[in-house]
Structure formats: structure tokens, C-alpha cells
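This briefing goes with the sequence and structure shown below. Please keep both in view while reading the grouped points that follow.

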Amino acid sequence: MRTTLVTATAVALCAVLTGPSLGAHSGGHVATRAALRAAVADGVPGATATARDAHGTWQATAGVGDLRTDRPRSTADRYRVGSITKTFVATVLLQLEAEGRLSLDDTVDEWLPGVVRGNGHDGRAVSVRRLLNHTSGISDYTYDEDFVRTHLLKDGFLEHRYDTVTPSELVAVAMTHRPDFEPGTGWKYSNTNYVLAGMVIEAVTGRPYGDEIRDRVIEPLHLRATSVPGTRAALPRPSSRAYSKLARTPTGPTYDVTTLNPSLASAAGEMISDSADLNRFYRALLGGRLLPPRQLEAMKTTVETREFAGAGYGLGLIARELSCGVRVWGHGGGIHGSSSEAVTTADGRHSLAFNFNGDWSGDSEAVVEAEFCGDPR
């Protein structure tokens, strides 16, 4: 879940980049090491990364996982992955389509009667496909000023961090605003789209969307570090602390935001994973192990985003053309105290996943460029 808290700053922290973990491939990745180190110098408390390529698996950390004790980050850290959750949700909906249990061209109102209604919103005019590729025009609840004050900024967050918010309540916040555009006439990232997508999964299957992700993706791929926490506030171990400024600017005090009720993100961004699991998931997805060819092709059919240069948005999947011409697929995610990226080449042979345990600084794009394009020329 991208929020207004993810900004840039130049606060310096002293940190030492650790070497690869035992058994990991230790050659190369010089530029990636430097990019992780630069993120820490920019103010990120710590970073953890895992890459997999033809030479094997490479892992590294930078900075600290606990500002109080200076404990370093671990390559085994589990962390909140934010909007990377969206790829899991889209995968389940595409599996359901492949089974003939719904069509991506079904309207939202067919599955959620009357839920998307008000201030110009009309679920009868929005298809499931438009939820998944962000062409619905539905307002993003995370931009609602009351939501921001209550859940994202310091005073509200510290008071309400353990409150449970239902998906219906999140959608209701969005319905108090006008649509951003008529369905199908534009593109804008909206977390409300994926809250609704999770609700559609539950309407189709009669089960919580997290149970479907567990049974269809997590368990078949043996993703031991991956979970859909629901209302559980704690991070499973091993994990590092997560930090935020809880402000609109990247200055001021730093707060420990490790524990929180992730229902405020719901199917738009509540999941937890680690770097190795994310690499395994995206390799399996792009490799055709989770979806039939027709559904995978639909997922990879992108629309122009305009907001992100060189990127196209598919169905819960982002395609990016890097400076060296390499095309990668994946998703990024931000939530309180956590900023993550997971990308892989179309053939699944080269993948990267990493996490910053702070949400106000660090250049994620520089890490991706470093891994796939090497040292800048």
C-alpha cells in the first residue's frame, strides 16, 4: 500500500554491509551492494536482499534491524510486503476465472451488489478486470484526509494502531469521494480496487481471500515465511523492527511501528513474506506454474500508467523497462515502516527481492537498476 509517508531524505546512518549468508553465491553483485549501502546512507535503518540468477542465490544485508540495540538485519527477515499482496490476489482471481467460476468481465455489482455506489461510483459499470489493472476510476481510500490523520500520521496512528477496520469500512471511505474518472477512460493506482478484489474472492468462494491465497499459492509453493495476517499485529520471527516518521515530511522523530493491525490495508497490502519466498513466488508465476497460458497472458497485458515512466500495469503485475533494456516483472509495496520490491525477468531466471525497514527514504529503483544493469556507465 503506497502512502504519502514514503518520501526522500538525506539523513546519514553509519552501517556496514554484511557479506552473503553461508551457502549463498558470493560472486558479483557489486553494484547491488553499493545501492543497498547508499540506501542506508540516505536514512534507511537497514536493508535485506536476496537475488537468484544462473550462478545461484546471493544474499546481503545493510544497516541495522533494531535502532535501539544496533542488531543487524538478517537475510531471513520476514517483513510486511505492502502492495506486493496485489499480485497474490490477482493470481487467485485469475485461477478462479480459469476454473470458470467467474469472468474478469463480470461487473463488481454482480458479486458485491450495491457496495460500489455513491458520489458517481457505480459497480454496475466497473468490471473485475478494471479493478485489477486500476482502470476503474474508483477513489483510493488511503488519500482520504480523515483516514490519513487516523491511520497514517503520528497522533492517530499511535491511538488507533491496533484497531480493526473491515473491508466494507475501507470501501465506504472511498465512496465518500468522487471517482477519479469514468471506468476505462484512464489509469490511477487505487488501493480500494484490491480491497474490492479480495471481497470478490470471498463472494465467489465463500471463504476469506487469505485462505484462498494460502491453499492455492502459499502451500503449493512451500512459502514458509509467507502469510496473510488478518488482524494479527505482531511480525513473526525472525524479523527486524520497522520504523516510520509518521509525518508528511521525512524529518523529525523516528517511531517504532513494527506492531500494527494490518486490516487497514486488507487485500491491498496486508501480507508478510521474506525475500526468498517472494523470489520463489514470482519465478513460479512467470514460469507458468500458477496460471494457465491464457490467464498469464492476460495478467501480463499492460496498460499505460503515465505516472511511472517506462512502466506498464497488468493485472496485479508491473512491467518495467530498465535503463539497460532489461524488462522485469513484479511489484513494489509500502506500508508503515516497510518498503519492498520484488522483480524477475520474464523467463524467471533472474529475480530480486528486498526490503527497507523504514518508509521515508532510500532509492528502491537504484537497487533494481544495480542488480539487473550492473554498474552505471
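Which element gives the most to the lining of the second largest pocket? Helix α8 does, with four residues. The model is a predicted one, in which local features need pLDDT of at least 70 and side-chain atom pairs count only at pLDDT 80 or more, while totals for chains, interfaces and linings use all residues. Residues are numbered from 1 along each chain as its sequence is written, and side-chain values use heavy atoms, with hydrogens and water left out. Helices (H or I, at least four residues) and strands (E, at least two) are DSSP runs, numbered from the N terminus.

**Pocket and cavity**

- A pocket is an open set of points on a 1 Å grid over the protein atoms alone, with protein on both sides within 12 Å along at least five of seven lines, whereas a cavity is a set of points where a 1.4 Å probe fits but cannot get out; lining residues have an atom within 4 Å of a point.
- The second largest pocket has a volume of about 240 Å³, where a volume is the space filled by probe spheres set on the grid points, which are joined across faces, edges and corners.
- Its lining consists of 20 residues, and those nearest the centre of the pocket are Pro167, Glu202, Tyr209, Ser266 and Glu270.
- Two or more residues of this lining come from each of α7, α8 and α9 (209-218).
- By class, the lining of the second largest pocket has nine nonpolar, nine polar and two charged residues, with Ala, Val, Leu, Ile, Met, Phe, Trp, Tyr, Cys and Pro counted as nonpolar, Asp, Glu, Lys and Arg as charged, and the others, Gly among them, as polar.
- The structure holds one cavity of 30 Å³ or more, and the largest cavity contains about 60 Å³ of space.
- That cavity is lined by 13 residues, of which Tyr79, Leu235, Ser240, Ala242 and Asn355 are the closest to its centre.
- Strands β4 (79-80) and β15 (351-356) each supply at least two residues of the lining of the largest cavity, which by class has four nonpolar, five polar and four charged residues.

**Helix packing around α8**

- Helix α7 (residues 167-175) packs against helix α8 (residues 191-205) at an angle of about 145°, with their axes 10 Å apart; axes are lines fitted to C-alpha atoms, for helices over the stretch in contact, and angles run from 0 to 180 degrees between N-to-C directions.
- Pro167, Ser168, Leu170, Val171 and Ala174 of α7 make this contact with Thr192, Val195, Leu196 and Met199 of α8, where contact means heavy atoms within 4.5 Å.
- The residues of the contact of α7 with α8 divide into seven nonpolar, two polar and no charged.
- The axes of helix α2 (residues 85-98) and α8 come within 10 Å and cross at roughly 40°.
- In this contact, Lys86, Val89, Ala90, Val92, Leu93 and Leu96 in α2 meet residues of α8 including Tyr194, Ala197, Ile201 and Val204.
- The contact of α2 with α8 divides into 10 nonpolar, three polar and one charged residues.

**The nine-stranded sheet**

- An open sheet of nine strands has the order β3-β2-β1-β15-β14-β13-β12-β11-β10, with antiparallel pairing, and two strands pair if DSSP finds at least two bridges between them.
- Because β3 (71-72) and β10 (303-304) stand at the edges with a single partner strand each, one side of each is left without a neighbour in the sheet.
- Strands β11 (residues 311-313) and β12 (residues 318-321) pair in the antiparallel sense over three bridges, and Gly312 stands opposite Ala319 in β12.
- Their hairpin has four residues between the strands, and Gly316 there takes a positive phi near 70°.
- Strand β12 is joined to strand β13 (residues 327-335) by four bridges, with Ile318 opposite Gly330 in β13.
- Six bridges join strand β14 (residues 338-345) to β15, which run antiparallel, and Thr344 stands opposite Ser351 in β15.
- Helix α10 (residues 275-286) lies across β1 (46-53), β13, β14 and β15, running at about 35° to β1.

**Backbone features in loops**

- A cis peptide bond, with omega about 0°, joins Arg237 and Pro238, and Pro238 is placed in the loop between α9 and β7 (243-244).
- Asp70 has a positive phi of about 65° although it is not a glycine, and Asp70 lies in the loop between β2 (56-66) and β3.
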